[in-house]
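Look at the sequence and the structure below. The report that follows goes through some of the contacts in this model.

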Amino acid sequence: MTVNITKYKISSLPIPPSSQLLTHNLVPDPVTGGTSVPNFIEKILAKTPSVQRRARLTSPETHFSYVTPFPTSFPYNIEPPSPDESENIDDKGAYVEKWLAGREARNPKADAIAGSSGNLQLHYSVLPENDQPRILIGLSETGLRDCVPHLDVGDAFAILGEPALVVSDTEGDGSNFESDQEEIIAARQEMIDVLGGRAVLISQDYPKSESRPERGGFAPWSHRYSGHQFGTWAGQLGDGRAVSILATSHPSKSNDVYELQLKGAGRTPYSRSADGLAVLRSSIREYLGSEDHLAIAALGIPTTRSLSLISLSFVEVRRERMETACVFTRMAPSFIRIGSFEALSPPDGHSMAFFGGGQQKPHWESLRILGEWVSKKVLRLDLQEGQPWGKELVLEVSRRNAKMVAGWQAYGWMHGVMNTDNVSILGLTIDYGPFAFMDVFDPAHICNHTDDGGRYAYKYQPTMIMFALRALLNSLAPLIGAEMESGKAVSPDWASSASNEKIDEWRQHATSAIKDEMETIFQEICSTENGALMRKRLGLRRSLPTDESRFIQPLLTMMENHRLDFHRTFRLLSFFRPPASDNDNARFIQQLLDNVSPTDRQMVNTDSARKEWEEWLERFKGRIQEDQMFCKDDAGNVSSAVSLDDLYELRVKEAKKTNPRFVLRQWVLEEIIKRVESDPEKGKRQLAKVMHMACSPFEAWGAEWEEMSEDGNGEGLSAEEKEERRYCDIGEGSMLGFQCSCSS
């Protein structure tokens, strides 16, 4: 049944009630206005805006800082005063503050009603330099559909143009599809202004907080967190270039709140020595990667989601070369990480300071506040009032992340930077940096070329998630120990009178009581989930204890030894049926062995490989037939009347739904990035087509049925179908196993 959803311009999207709003319930940075949004607007933005941009260690109790998007080249190009002006300037610091304040989006839109209640207000900078064009490069249909279906995007999809890999020079730049209705154009432009960092949504009094009136109002914020990077404690990190600009309830699931976060939004108090910006190259990777995970999310592996890509070609960004800025909007129910807890309860409980960073002392009360918020509003644990929650939080985070990493392993996906600040409390795949899908199967593959020691190699990913979970347990252990001692949830100021010795006692008691249980839960769920997904990829309908040893592990070993492509091998196996003749069998095995680059083919003993495949496929045929007694009829009942032919037909159909035809390979990402960089108008249509393929990876792109036929040669295909087929290929040998940089 189709449900009509009321659409709102981005400034009118409904805000969740105060009880569901992070900024009304967690502890704000006192330096950026504290609990008062009016104070942030009237004092910080107008008089001392630099406190948002200066890297510093925030107060120990801080969960977040109010901060507005400011995607501007850094170091800032602050024009010095003229000689005449210099004579009248006694305070150079005040001159800098005035320069920054003039560029802050703090002036209500001209047609907004001053002091209006019941909605957010658009605020802009009054300076004309803030009016430089922001170009919409991408808008995710699936992200929009699933997270913010009530957002009115106007004619955004029309100006982006029809998705296509083959784009002619005569098809225009998309402006010929612009609506002639002012209201539709206004909705699109308002969205671009907000998601591009030009306009800011703020309110001094909406939404109201009935329980704590001083917490009313709304302003953007950045999260504080700490973490271990490549196994080494790094101290305070935080959202150094991300600003959460909005939270809105899903129109048909009122308890589901989505946080909209701009990545590449400019400097924040957590930027350290960085510029707070993101380049087009890395933004495209995360934009596509988040939605490509949608196919895997359908199998139960959640991820942050993409909404938009907006190019700021007028903002230069220095990386290995000079590039241009881009603002990427991502969405999630929460961006809280394991590092959020580490910030409040660091290893060994010690503070430290060093050039460019440091770590505050523990803050036990803020740890309680964050933990209660996560338990009740983020994880939604089923707990009675006063029931201890610390242990349940740790175990639930373990379960969620076990399922997540099991999916990564089953689909050959590699994160690349699994630092504890990149591990989500919700078990979301988050922070797509140098990620990659496996090409030639290699358990030791490292997708991040800065990971010299291979810490985050494919085969170590479950171990690295376990490392992060141990860090979470370590942070919460004193609180859990206190709950175990009292038998109830900790109360406010629970550790205010506790000595360091008592804190350590609680920590040791909780760790010894929970660590083994947490690790066992993680290992069992990870193993069970991975096995279930691998059987699903093979099209098997039930679990047998010998599946791992007789089919899954031997298959992976053959892929590794024969240098075969991970995903194309699984996709080809989806089509497997008992061969009608020896020739059919030989042809199918040859198709499998052809999933290799010319260079790798020379390294494989073809005769030995054929024999191994013949033996494995013969066993596999018998294993499929064992499922005959467990097939279900159209009514969903187990029926032994299903013929072997019907069984194979059913298996092929199901296996094709779990093994992608299209994979977002490194060569595809590199090519589409170059296309968008060199010709944005054509490139945004090609980007849209790649996004479409990534969100529907199981479709038979490039007339796959013709390719699979005995005489399939591609003749008669359209130019678009030929390009689709090329994009489904493994690519040139030089790009197989390509390693990407963390630099973005």
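Predicted model: local features only at pLDDT ≥ 70, side-chain atom pairs only at ≥ 80, totals over all residues.

Glu707 is partly exposed, at 24% relative accessible area.

Where do the two residues lie?

## Other salt bridges

How many salt bridges are there by this rule? The count comes to 52. One of them links Arg675 with Glu671, where the closest N and O atoms are 3.2 Å apart. Both of these residues lie in helix α20 (residues 666–678), and they are 4 residues apart, which is about one turn of the helix.

Glu323 and Arg321 also meet in a salt bridge through their side chains, at 3.7 Å from N to O. Glu323 counts as buried, because its relative accessibility is 6% and the limit for buried is under 20%. Arg321, at 41% relative accessibility, counts as partly exposed.

## Two packed helices

Two packed helices are described by the angle between their axes and the distance between the axes. Helix α15 (residues 566–574) and helix α19 (residues 644–656) pack with their axes 8 Å apart, at an angle of about 150°. Angles over 145 degrees count as roughly antiparallel, and therefore α15 and α19 are roughly antiparallel to each other.

Which residues make the contact between α15 and α19? From α15 they are Arg571, Leu573 and Ser574, and from α19 they are Arg651, Val652, Ala655 and Lys656. Sorted by type, the residues of this contact are 3 nonpolar, 1 polar and 3 charged.

A disulfide is a covalent bond between the sulfur atoms of two cysteines. The structure holds 0 disulfides. The cut-off for a disulfide is 2.5 Å between the sulfur atoms.

Are these two cysteines buried or exposed? Cys447 counts as buried at 1% relative accessibility, and Cys740 is buried too, with a relative accessible area of 8%.

## A buried arginine and an exposed lysine

Arg368 is placed in helix α10 (residues 364–378). Arg368 is buried, with a relative accessible area of 9%. What does Arg368 touch, not counting residues up to four places away in sequence? Its contacts are Trp389, Leu479, Val490, Ser491, Pro492, Asp493 and Trp494.

Lys98 is found in helix α4 (residues 92–103). Lys98 is exposed, because its relative accessible area is 66% and exposed means over 50%. Lys98 and Tyr460 are 362 residues apart in sequence, and their C-alpha atoms are 51 Å apart in space.

Methods:
Residues numbered from 1 in each chain as written. Heavy atoms only, no water. Buried < 20%, exposed > 50% of the residue type's maximum accessible area, 1.4 Å probe, protein only. Axes fitted to C-alpha atoms, helices over the stretch in contact; angles between N-to-C directions. Helix = DSSP H or I, 4+ residues; strand = E, 2+ residues; numbered from the N terminus. Parallel < 35°, antiparallel > 145°, perpendicular 65-115°, else oblique. Contact = heavy atoms within 4.5 Å. Nonpolar A, V, L, I, M, F, W, Y, C, P; charged D, E, K, R; others polar. Salt bridge = Lys/Arg side-chain N within 4 Å of Asp/Glu carboxyl O.
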